[in-house]
Amino acid sequence: MTSTASTTAPIADARALGLAHYAARSVLEHVLARHGATFQQQVALRAAVTADAPRTPNDLVTEVRGSLKADPTDIRATLDELLAKQLLVADGAHLRPTDAGRELIAAVGAETAPITARIWGGISAEDLTAAGRVLALVAARANAELAALAA
C-alpha cells in the first residue's frame with residue numbers, strides 16, 4: 001500500500017494563529033534588538049508616531065493596552081523607558097515622539113520591509129482578504145470574551 005502526503009490545507013485554529021504570530025513577532029524582535037528596543041516599546045512609540053495629534057500618557061496606555069492586552073503599569077514603565085531613551089518627550093500634558101523616536105520607527109520599518117515582503121509575498125489577494133476577515137472576527141470574539149472575563 002502506497003502512502004501519499006496529504007494536500008489538504010491545514011485548518012486555522014488558535015495554535016496556528018499563535019505559531020504565526022510568534023514567528024512574525026520574533027522576526028520583528030530580532031530587528032528591534034539591534035536597535036536596543038523591545039516589542040512593547042516599539043508598539044508604544046509607533047502609536048505616538050502615527051497619532052494624528054499629540055497623545056497624553058493615558059491615551060497611549062489605552063491604545064497599547066487595546067493592542068497588547070498588557071498591564072497598564074507595565075505600559076507606563078515602557079513610556080518611562082521611551083522618555084529616558086529620549087525617544088519620547090513630555091510636552092505639557094502630552095507625549096510626543098522625538099526626531100530620534102521617528103528615526104527608530106523609520107529604520108525598523110526599512111529593515112523589516114524586505115523581510116515582510118518575503119513572508120507575505122506570493123499570497124493571493126483572495127487568500128489575504130479571507131485571512132483578514134477571519135482574523136478580524138477572531139480578534140473581535142476574543143476581545144468580547146476577555147471583556148466578559150474581566151467583568
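**Helix packing, core and selected residues**

I105 is buried, with a relative accessible area of 8%; buried means under 20% relative accessible area, exposed over 50% and partly exposed in between, computed with a 1.4 Å probe on protein chains only. This residue, I105, is found in helix α5, where helices (H or I, at least four residues) and strands (E, at least two) are DSSP runs numbered from the N terminus. The structure is a predicted model, in which local features need pLDDT of at least 70 and side-chain atom pairs count only at pLDDT 80 or more, while totals for chains, interfaces and linings use all residues. Residues are numbered from 1 along each chain as its sequence is written, and side-chain values use heavy atoms, with hydrogens and water left out.

The mean pLDDT of the protein is 94, pLDDT being the predictor's confidence in each residue, from 0 to 100. A value of 70 or more is reached by 95% of the residues.

I105 is in contact with Q42, L45, R46 and V49 when its neighbours within four places in sequence are left aside; contact means heavy atoms within 4.5 Å. Between I105 and D52, which are 53 residues apart in sequence, the C-alpha to C-alpha distance is 16 Å. Q42 lies in helix α2 and is buried, its relative accessible area being 7%. Not counting residues up to four places away in sequence, Q42 touches L28, L32 and I105.

Two packed helices are described by the angle between their axes and the distance between the axes. Helix α2 (residues 39-50) packs against helix α4 (residues 72-84) at an angle of about 80°, and the two axes are 9 Å apart. Axes are lines fitted to C-alpha atoms, for helices over the stretch in contact, and angles run from 0 to 180 degrees between N-to-C directions. The helices α2 and α4 are therefore roughly perpendicular to each other; angles of 65 to 115 degrees count as roughly perpendicular, under 35 as roughly parallel, over 145 as roughly antiparallel and the rest as oblique. On the α2 side the contact is made by Q40, Q41, A44 and L45, and on the α4 side by D74, I75, T78, L79, E81 and L82. By class, this contact of α2 with α4 has five nonpolar, three polar and two charged residues. Ala, Val, Leu, Ile, Met, Phe, Trp, Tyr, Cys and Pro count as nonpolar, Asp, Glu, Lys and Arg as charged, and the others, Gly among them, as polar.

T78, found in helix α4, is buried, with a relative accessible area of 5%. Residues up to four places away in sequence not being counted, T78 touches Q40, Q41 and A44. L82 is in contact with Q41, A44, L45, L87 and L88, leaving aside its neighbours within four places in sequence.

The largest nonpolar core has 24 residues, and those with the most contacts inside it are L45, L79, L82 and L88. A nonpolar core is a set of buried Ala, Val, Leu, Ile, Met, Phe, Trp, Tyr and Cys residues joined through side-chain atoms within 4.5 Å. Two or more residues of this core are given by each of α1 (14-34), α2, α3 (57-68), α4 and α5 (99-120). The most are given by α2, with seven residues.

A23, in helix α1, is partly exposed, with a relative accessible area of 46%. The C-alpha atoms of A23 and I75, 52 residues apart along the chain, are separated by 23 Å. R96 is found in strand β2 (residues 94-97) and is partly exposed, at a relative accessible area of 38%. Not counting residues up to four places away in sequence, R96 touches L87, L88, V89 and D91. R96 and K85 are eleven residues apart along the chain, and their C-alpha atoms are separated by 13 Å.

Most residues other than glycine have a negative phi. K69, in the loop between α3 and α4, has a positive phi near 60° and is not a glycine. K69 counts as partly exposed, at 39% relative accessibility. Q86, also not a glycine, has a positive phi of about 60°. Q86 lies in the loop between α4 and β1 (88-91) and is exposed, with a relative accessible area of 58%.
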